[in-house]
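Me: I should like to learn how to read a structural model, feature by feature. Please give the general idea each time, and then the case at hand.

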Amino acid sequence: MPSSFGTALRVTVFGQSHSPAVGCVVEGLPSGLHVDLEALSAFVARRAPGNDPWGTPRKEPDAPRIVSGLNPDGRTCGAPLAAVIENTNTRSRDYNNLLAVPRPGHADFTAWAKWHGEQDVPGGGHFSGRLTGPLCVAGGIALQWLASRGVGVRAHVAELAGIPDEPFSALDNSPASLDLLARQMAALGDGRRMPTVDEAAGARMVEAVMDARSRKDTLGGVVECVATGLPAGAGSPMFDGVENVMARALFGIPAVKGVEFGRGFGVARLSGTQNNDPYEVRGGTCVPTTNNAGGILGGITTGAPVLVRCAFKPISSVMVEQDSVDLTTMEPARLKVHGRHDTTAVIRAVPVVEAVCALALADVLLAWPAE
């Protein structure tokens, strides 16, 4: 079961939703980085379950424990960094009826088809969103390394239940637009309950989520992420391009079904003159005046903000009866899911997207730096 990604910065996640712990191993971190463990814990806590009325009642502290890779003074030593998060609040009996009857929309059936019933079912096993906890540990460290190089990464709920948030001001690369983008990113760091730029939009999203929860249904949405401060010239053409590296990692987040950069699929409706980003000299440097490309051309950064959006499907564990099949008898079956589940993955996925984008961009800067 391959569970690793990255080239110069290699990340492996391990564990299952109801195993004693989940964790990660990060290889290739530059030595000498001081890891702020308090800031890291605060970042991981943004994803932790059980803190909001729309989320799972499964409450976990998600306290990361670093077991290797740091010197006593808290600096990376060059050895692989390993971290674990204990699973302290599991309830495997809630999944007994899923051992033979797979949930529609979930990986229960495909895991059964691949491992012939030997897969770990409770909580979704290795397919669970629980594995995004150690991703946030690894990504939180990558965010600190990027920040030391002047690179900032921030995400928000761009859309939920069809309700849009104010988009990042990243498709225009003018000084005024970049100033607005900096203010938007700063506002998202103020600890607000819903990670939206427009707090009124966030309030409407909460109402929609609570309504879906009352109907025992779930919701999908879009997370938008931006990275600023990247130099022009980082990355590689063809199959190791920045989009390739980021998209491969982002599709590893459970429930992600689509990834787009810059204007994404919208470019299909533009002409060349509308889509091209003209250049100008600014501060003695060639820069694009707009950013339809999302900060990447030919797999290499342009120096403009890297902009990416991820579409998340609705969580498959809905609390209404659905049609399925009993895999032991190959007869039709009706399934009602039990247990503790989120109403949407989108809100808690915001720090996960930040973490994964940080890991991918750190890998790019380490493997294919700007020359």
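Me: Which residues is Gly-140 in contact with, leaving aside its neighbours within four places in sequence?

Reply: In this predicted model, a contact requires heavy atoms within 4.5 Å. By that criterion Gly-140 is in contact with Leu-40 and Phe-43, once neighbours within four places in sequence are set aside.

Me: Where does Gly-140 lie, and does Gly-140 count as buried or exposed?

Reply: Buried means under 20% relative accessible area. Gly-140 lies in helix α3, and its relative accessibility is 5%, so Gly-140 counts as buried.

Me: How many residues of α3 are buried?

Reply: The helix is mostly covered, with 15 of its 17 residues buried.

Me: What span should helix α3 have, and what is the distance between its end C-alpha atoms?

Reply: The expected span is 1.5 Å times one less than the number of residues. Helix α3 comprises residues 132-148, so its 17 residues should span 24 Å; the end C-alpha atoms are 24 Å apart, which agrees. Just after α3, Gly-150 takes a positive phi of about 85°.

Me: Where is Gln-322 placed, and which residues does Gln-322 touch?

Reply: Gln-322 is in strand β15, which covers residues 322-326. Not counting residues up to four places away in sequence, Gln-322 touches Pro-104, Ser-316, Ala-333, Arg-334 and Leu-335. With a relative accessible area of 18%, under the 20% limit, Gln-322 is buried.

Me: How should the chain as a whole be read?

Reply: One may begin with its elements: the chain has eight helices and 16 strands. For the overall dimensions, a compact globule of 371 residues would have a radius of gyration near 21 Å; the chain has 21 Å, so the two values agree. Along its principal axes, the C-alpha trace spans about 70 × 50 × 40 Å.

Me: What share of the contacts joins residues at least 24 apart in sequence?

Reply: Among contacts between residues at least 6 apart in sequence, 73% join residues at least 24 apart.

Me: What may be said of burial, surface and charge?

Reply: Of the 371 residues, 51% count as buried. The chain exposes about 16,300 Å², of which carbon and sulfur atoms supply 55%. The mean positions of the 32 positive and 37 negative charges are 4 Å apart.

Conventions: Residues numbered from 1 in each chain as written. Predicted model: local features only at pLDDT ≥ 70, side-chain atom pairs only at ≥ 80, totals over all residues. Heavy atoms only, no water. Helix = DSSP H or I, 4+ residues; strand = E, 2+ residues; numbered from the N terminus. Rg over C-alpha atoms; globule rule 2.2 N^0.38 Å. Buried < 20%, exposed > 50% of the residue type's maximum accessible area, 1.4 Å probe, protein only. Areas by Shrake-Rupley, 256 points an atom, 1.4 Å probe, with all protein chains shown as cover. Lys, Arg positive; Asp, Glu negative; His and termini not counted. Charge placed at Lys NZ, Arg CZ, Asp CG, Glu CD.
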